[in-house]
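Hello,

Here is the structure I promised to pass on to you.

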Amino acid sequence: MTTIRREVLTLPAAPLGPDNPLPPLRPLDEAHRIDARDRAALPREMARQVGYAPLRSLLPAPVRDGYGRVREPREFDALVLENDRLRATVLPALGGRVTSLFHKPTDRELLYVNPVLQPANFALNGAWFSGGIEWNIGATGHTTLSCSPVHAARVPAPDGGEMLRLWEWERLRDLPFQVDLWLPEGSDFLRVGVRIRNPHERPVPTYWWSNIAVPEDRRVLAPADEAWLFGYERRLRRVPVPSYDGADRTYPRNSAYAADWFYEVPDGRRRWIAALDADGHGLVQTSTDVLRGRKLFVWGTGPGGRRWQEWLTEPGTGGYCEIQAGLARTQLEHVKLEAESEVSWLEAYGPLDADPEGEWHGVLRGAEDRLEAALPRAEVDAAYREWLRHADADPGERLATGSGWGALEVLRTGWKLPGTPFDEATLGDEQLPWLHLLHAGSLPEPDHHAPPGGTLVARPWRDMLETAAATPAAEYHLGVAQWHEGDRAQAVRSWERGLDRATARWPLLRCLAVADREDGHDERAADRYAEAFDDLCARARGGADGSSRTAGAPGTGEAGDLPEAAAAADGATWTAATAALGGEAIGALLAVGRTADARSVWERLPPAVRARGRFRLTEAALLATEGRRERARAVFDEGFEVADLREGDEVIGRLWAALGDEPLPARYDFRMRPGGD
């Protein structure tokens, strides 16, 4: 019989560290946007969905950039589903990622299993890691839940056994979702039922892609003769499959640069995608028709793609590619989910043996016949209908706990969401100020002048903030919510009102500085950033009464007078705030030529922050601006690693090119597009 059990998985892992405490006010730097020149040639439905409700910002999700590059053995709670044929390992604390799918009769791993856990800046909000099967919901890109916990519990399965239910509240679109996994007895296929609900009284844009990492020495098969090719130069074009520009691109190693290949699967054709090795063994994913899109992502054989592969794992462990399945043709689109409705489907993952070599249509026919024999299309459709009758089943034994954001929304609205309970017991420290606002109509000030927590920006919460007592904390959060909604003038007025009465001024000054930069008032932005950093340093070293309150205040090694555990947490929060604000301040000051002031900020950063790769790069830029090019070049020679380097970001190459004519060293080459700087 199928079993679900707990295990502990030990991996070399870099700690995630604290979230960035500064609200992400600037426009989203998102790679999945196309050049406007290409939109006119798109099919009508696709063009409409590409332009539908693009994400304006990350709010209310925080930026997750506190991780590093030092990996040490770390234990992770794992949930293992197993029958007599398959074993699936799930990490509920990391977005419910399926890290392994092992086929016991053939003694083969069907996925690419990353031997380490190394966060990198690929999720919409930063931290993400490679390998396994990930569930991407929210908006175009890797989900903000990539490295966040989800709820998990045992639930009765359609076949009378058990299934594992994962569920959470997706905060970018305020949508609850669930993922149910089970292994019928004797089956070679993992079943996955997915449901996204829209409990709102208005349509909401939604997005879903299931991303499956597989070794890249494969041929990728999907039932299509054309694909939409999208690269990091942000051009989208329709191209033939399998061969394009002189090479068969269904072999990942035949592409020089990182690219997405979105397959144009004809209507009525079975939805599936497979990755097979030279001997014809590999993984197939299939689904009911609602999950219409199929995609291949390749890193490419160029130096940048190879460097990223090493960056995400360990040298010598072999490369990987991703085969994917989504709600739309491409990952550039959002789909409208009507008011008080839901969308659901069934996926299946298992082994496939078929000949990958030969004429394209013959290969597809052979693979499709093998798939039909192993798992008939009608059986998938029937399994979906059976699963729907269990989708509302009450979870049994709780196996993991996610966030309290869903519980807060259910308390606010009274929504009934059968099958996915968001219990009050899951409310945590992050939700407490908002619970106070909900019940008492006021927002408490942070303890010890601590950095303010995250802001809820949905319209109902903004309405509550507008009627709450106009404290500095309320004005700060109201301004963030107004900014998110596009009401910038009101946001600035709220922040200015809060500033008049604030003791800790730096959070409000920083918001005003961002507004100034966005409006082109660079000199005033620099002034406000400098003032904000001065105030932060004063608050971090001591409170309003002058006593030391934190551990590791900027420029010091002092411990505060809080209890040891509280002081450590408090110190980590202040260090994160200092690093985030200091980095922004230096950039704003350099932008207006105030090199001496930028140097002053740099020197007041804690030594441990200055030693980070991101700030070593900042140091090199500062030295170059000061005219000390040889010293800036020495920073490169000494070596650094920018842990949170964004995918597609060419900042390292641009700075190197400004320092001389030598080729960019391989260790710094992360270029993902042809002709990258």
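W434, L437 and L438 in helix α6 meet W461, M464 and L465 in helix α7, where contact means heavy atoms within 4.5 Å. The residues of this contact divide into six nonpolar, no polar and no charged. (Ala, Val, Leu, Ile, Met, Phe, Trp, Tyr, Cys and Pro count as nonpolar, Asp, Glu, Lys and Arg as charged, and the others, Gly among them, as polar.)

Before going further, please keep in mind that this is a predicted model: local features need pLDDT of at least 70, side-chain atom pairs count only at pLDDT 80 or more, and totals for chains, interfaces and linings use all residues. Residues are numbered from 1 along each chain as its sequence is written, and side-chain values use heavy atoms, with hydrogens and water left out.

Helices (H or I, at least four residues) and strands (E, at least two) are DSSP runs, numbered from the N terminus. The axes of α6 (residues 432-440) and α7 (residues 459-467) come within 10 Å and cross at roughly 70°; axes are lines fitted to C-alpha atoms, for helices over the stretch in contact, and angles run from 0 to 180 degrees between N-to-C directions. That makes α6 roughly perpendicular to α7, a label for angles of 65 to 115 degrees.

**Backbone points**

Most residues other than glycine have a negative phi, and most peptide bonds are trans. Here are some exceptions to look up.

- A cis peptide bond joins L59 and P60, with omega about 10°. P60 sits in the loop between α1 (44-50) and β2 (72-82).
- V241 and P242 are also joined by a cis peptide bond, again with omega about 10°. You will find P242 in the loop between β17 (236-240) and β18 (243-244).
- D107, in the loop between β4 (97-103) and β5 (108-109), has a positive phi near 55°. D107 is exposed, at a relative accessible area of 58%.
- D174, in the loop between β10 (162-170) and β11 (175-182), has a positive phi near 55°. D174 is buried, at 14%.

Buried means under 20% relative accessible area, exposed over 50%, and partly exposed in between (1.4 Å probe, protein chains only).

**Cysteines**

How many disulfides are there? Taking a disulfide as a pair of cysteine sulfur atoms within 2.5 Å, the count comes to zero. C511 is in no disulfide, and the nearest cysteine sulfur, that of C537, is 18 Å away. C511 counts as buried, at 0% relative accessibility.

Best wishes

Technical notes:
Angles under 35 degrees count as roughly parallel, over 145 as roughly antiparallel, 65 to 115 as roughly perpendicular and the rest as oblique.
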